[in-house]
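Hello,

My notes follow below it.

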Amino acid sequence: MNSADDFNPQPGRAVELEPGLRRILAPNPSPMTFRGTNTYLIGTGSLAVIDPGPECAPHLEAILAAVQPGQRITHIIVTHSHLDHSPLARGLSQATGAPVYAFGGAGAGRSAIMSRLAASGLAEGGEGIDTEFAPDITVRDSDVIGGDGWELEVIHTPGHLGNHIALAWNDACFTADHVMGWASSLVSPPDGDLTDFMASCRRLRLRSWRVFHPGHGAPVTDPAGRLDWLIAHRQSREAAILQALGQAPATARALAEQIYTETPPALLKAAERNVFAHLVDLSGRGLAAPQETLSAAAVFARRGG
């Protein structure tokens, strides 16, 4: 993974990454967002803004200030509806008249099992959901969003969130929170689904990419290697969970405390949700099962081999 010292741009400053692509860092650093949310501007005439970011007046001003003479914002694209990615889309749309594109609102793309967990009362435990988010234009997998001299292919990549999309720009891909270089993606039920996450990783791995531009942190310059690491990382967590369950049934909380021994206390709740995501996935594959009803507090036991 990239060292934290490798990525420390000035918030609010538009930085050209390559011709036709600029990045503006939002001023919202945190343990979950690293230095802040990356907002991207694509194009040289008509501009697409990818992930306007959180509700933040200075960041809105920075995006508008990056529009050069002869340019205008014509598309606003939201990769997913977490509070650090989507809320500013409303204000940016009002300021520019550009429509907002996304896969759907907060519940779009949610898997059946996660829908059942949400209906049972399980609250989200991640970066916070923008429950009011609703795009002007709904996109689907394989759709192409185009402007003056640029095209973006929509790739539905559920896992971190059901409505999460990546955007292919030639041999580059805007991977938002699905693939990042500074940390592995949070998968927190009922909005995150690990079964979907792994399938999305493997789908992205089928293509040849030059670079990933993530929602947080520096560009990922070895996309295939990073995807291989993410898949192997999840598989190693799965192996550790199965080994622990082989010794005794346990809750997600107990497993997180046993496995994430180097995790800061402030992130242990996120680690617990990650473990629960694994347990839901393992239950769906017949390798583990809750002793009673499937829930975040359930005691799980190992099944099968």
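Which residue in β15 is the bridge partner of Pro 290? It is Phe 300. Before the rest, the ground rules. This is a predicted model, with residues numbered from 1 along each chain as its sequence is written. Local features need pLDDT of at least 70, side-chain atom pairs count only at pLDDT 80 or more, totals for chains, interfaces and linings use all residues, and side-chain values use heavy atoms, with hydrogens and water left out.

Helices (H or I, at least four residues) and strands (E, at least two) are DSSP runs, numbered from the N terminus. Two strands pair if DSSP finds at least two bridges between them. The Pro 290 bridge belongs to β14 and β15 (residues 299-302), which run antiparallel and are joined by 3 bridges. Their sheet is open, has 3 strands in the order β13-β15-β14, and pairs in the antiparallel sense. β13 (250-251) and β14 (288-290) are the edges, each with a single partner strand, so one side of each has no neighbour in the sheet. Helix α5 (residues 223-247) packs on this sheet and touches β13, β14 and β15. The direction of α5 makes about 90 degrees with that of β15. Helix α7 lies across β14 and β15, at about 110 degrees to β14. Contact here means heavy atoms within 4.5 Å. Axes are lines fitted to C-alpha atoms, for helices over the stretch in contact, and angles run from 0 to 180 degrees between N-to-C directions.

Helix α6 (residues 252-259) and α7 (residues 268-284) have axes that come within 8 Å and cross at roughly 115 degrees. That makes α6 roughly perpendicular to α7 (65 to 115 degrees; under 35 is roughly parallel, over 145 roughly antiparallel, the rest oblique). The contact of α6 with α7 has 8 nonpolar, no polar and 4 charged residues. The classes are nonpolar (Ala, Val, Leu, Ile, Met, Phe, Trp, Tyr, Cys and Pro), charged (Asp, Glu, Lys and Arg) and polar (the others, Gly among them).

The axes of α5 and α6 come within 11 Å and also cross at roughly 115 degrees. The crossing of α5 and α6 is right-handed. Leu 255, Gln 258 and Ile 259 of α6 make this contact, with α5 residues including Arg 237, Ile 241 and Leu 245. The contact of α5 with α6 divides into 6 nonpolar, 2 polar and 1 charged.

**The five-stranded sheet**

A second open sheet runs β8-β9-β10-β11-β12, with mixed pairing. Its edge strands are β8 and β12, each pairing on one side only. Strands β8 (residues 144-147) and β9 (residues 150-156) pair in the antiparallel sense over 4 bridges. In their hairpin, with 2 residues between the strands, Gly 149 takes a positive phi near 85 degrees.

**Salt bridges**

The count is 12 salt bridges (a side-chain nitrogen of Lys or Arg within 4 Å of a carboxyl oxygen of Asp or Glu). One of them joins Glu 18 to Arg 210, with the closest N and O atoms 3.1 Å apart. Glu 18 lies in β1 and Arg 210 in the loop between α4 and β12, so the pair ties together parts 192 residues apart in sequence.

Best wishes

Methods. A crossing is left-handed if the near helix is turned anticlockwise from the far one by less than a right angle, and right-handed if clockwise.
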